[in-house]
Amino acid sequence: MRAAVLHAPGPPEAFKIEDIPVPAIHGNQVLVQVAACGVSSKDVVERNGTYRRDMSFPIVIGMEIAGTVVACGPDVVDLSIGERVCTKAFSSCGQCRHCRNGHETTCARRAPVRGGYGEFAAIAADACVRIPAELSFEVACTLGPGAGVALNAVRDTAGVKLGEIVLISGASGGVGLPALQLAKAAGARTIAVTRGDAKTAGLLEDGADEVIVAPAGHNFAKQVRALTDGEGVDVVIDTVGSSVFHACFDALAMHGRYALVGQLTGEEVSINLARIFFKRAHLLGVGSVSRAQLEDAVALAARGVLRPRLARTLPLDEIAAAHRSVESGSLSGRIIVKPGRLTEKGGT
Ligand SMILES: [Zn+2]
């Protein structure tokens, strides 16, 4: 099969398109014929050597996979050949204390999903979720790391309720946009914060009641207070991190919930801890996506409640260009590669 193989960490050009054997499946794995694979910032750090966990070379990376099951290992019980699936980023064991307490994303035996940059990938059945016929592979492959995490943040961690005011930072991003769509669907009033004026019209279309355009480093809390009778917002869904933390915290109402779901840069923030208890604030960490959350995100996408934005779909041969685009952050929307033969048409 064709695959983009990485023999060592390096620049985008480090990928080599090669013919390699179709991976063997074991136990509870399924063999998926990959129809589409999202290119994520996690792929970028795996490729350039920043992320080294569970990496051994040569390797075929790519974890945002959608495709068709073409073979099942002997222990697979709930998937069959011919079913269309998409993946979450990790498989969990289903047996350990975390898994049994509903915390599968912190499973001690969790294993990464990889192989989406090849025509076929061997994937633990636990990491695969069925997708309905009306959902394209291109949309489905983006759901786990984007919409699924947003669902975790908005519904299950922050617990957004009807009538609340929700601020979303990085609102046009891969998690920000589905978070905005979900908060709106949950009946909240939504305030979207973005860095670029060009994104405003799209955000209003996608469910923002108000859009604040804030250049990097600008504290937009006063604008938020002006929009909320001085009260601030009930919930912050922060997909950006350090650079907007103070603005978001200042914009949070008394008893507000602050859900942290992204940290785009590494810098630290300092805060007088008294401000947290004076405000009775809840600081909430959001981690990854569970199988149930991904199943729900798939159902919401099939109903049109979640509407992922796709920027470009490229053949596998252009994987280096795909990585350069993701690294530069120049496109709004997701970049997808299709590992199938170039003659293949369509996404389904
Ligand atoms: Zn486990």
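With a relative accessibility of 27%, P23 counts as partly exposed (buried is under 20% relative accessible area, exposed is over 50%, partly exposed lies in between; 1.4 Å probe, protein chains only). The model is predicted: local features need pLDDT of at least 70, side-chain atom pairs count only at pLDDT 80 or more, and totals for chains, interfaces and linings use all residues. Residues are numbered from 1 along each chain as its sequence is written, and side-chain values use heavy atoms, without hydrogens and water.

**Surroundings of P23**
- P23 sits in the loop that joins β2 (15-19) to β3 (29-39). Helices (H or I, at least four residues) and strands (E, at least two) are DSSP runs, numbered from the N terminus.
- Beyond neighbours within four places in sequence, P23 touches M1, L31, F120, A121 and A122 (contact is heavy atoms within 4.5 Å).
- P23 and V60 are 37 residues apart in sequence, and their C-alpha atoms are 11 Å apart in space.

**Domains**
- Domain 1 covers 2-142 + 308-338, and domain 2 covers 146-285. The bounds come from an automatic or database domain assignment.
- The centres of domain 1 and domain 2, taken over C-alpha atoms, are 29 Å apart.

**Nonpolar cores**
- The largest nonpolar core holds 47 residues. Such a core is a set of buried Ala, Val, Leu, Ile, Met, Phe, Trp, Tyr and Cys residues joined through side-chain atoms within 4.5 Å.
- L135, V166, I168, I237 and V298 have the most contacts inside this core.
- At least two residues of this core come from each of β3, α3 (137-141), α4, β10, α5, β13 and α10.
- Helix α4 supplies the largest share of this core, seven residues.
- Domain 1 and domain 2 both give residues to this core, so it lies between them.
- L135 contacts R84, A140, L143, V298, A301 and A302, leaving aside neighbours within four places in sequence.
- Another core lies apart from this one; it has 39 residues, including L6, F15, V113 and A322.

**Helix α5**
- Eight of the 10 residues of α5 (residues 176-185) are buried, so the helix is largely enclosed by the rest of the structure.
- G176, L177, P178, A179, L180, Q181, L182 and A183 are the buried residues of α5.
- These buried residues pack against α4 (143-157), β10 (165-169), β11 (189-194), α6 (200-205), β13 (233-238) and α10 (291-302).

**Helix α11**
- I319, A320, A322, H323 and S325 are buried in α11 (residues 319-328).
- The cover over the buried residues of α11 includes β1 (2-6), β2, β3, α1, β16 (310-315) and β17 (334-338).
- G329 follows α11 and takes a positive phi, near 65°.

**Second largest pocket**
- The volume of the second largest pocket is about 530 Å³. Volume is the space filled by probe spheres set on grid points, which are joined across faces, edges and corners.
- On a 1 Å grid over the protein atoms alone, a pocket is an open set of points with protein on both sides within 12 Å along at least five of seven lines; a cavity is a set where a 1.4 Å probe fits but cannot get out; lining residues have an atom within 4 Å of a point.
- Of the 24 residues lining this pocket, Q29, P112, R114, A122 and I123 lie nearest its centre.
- The elements giving two or more residues to this lining are β7 (111-112) and β8 (120-124).
- Strand β8 gives the most, with five residues.
- The lining has 14 nonpolar, seven polar and three charged residues. Ala, Val, Leu, Ile, Met, Phe, Trp, Tyr, Cys and Pro count as nonpolar, Asp, Glu, Lys and Arg as charged, and the others, Gly among them, as polar.

**Cavities**
- There are two cavities of 30 Å³ or more.
- K42, D43, E46, G62, M63, A89, P112, V113 and R114 line the second largest cavity.
- Helix α1 (residues 41-48) provides the largest share of the lining of the second largest cavity, three residues.
- By class, the second largest cavity is lined by four nonpolar, one polar and four charged residues.
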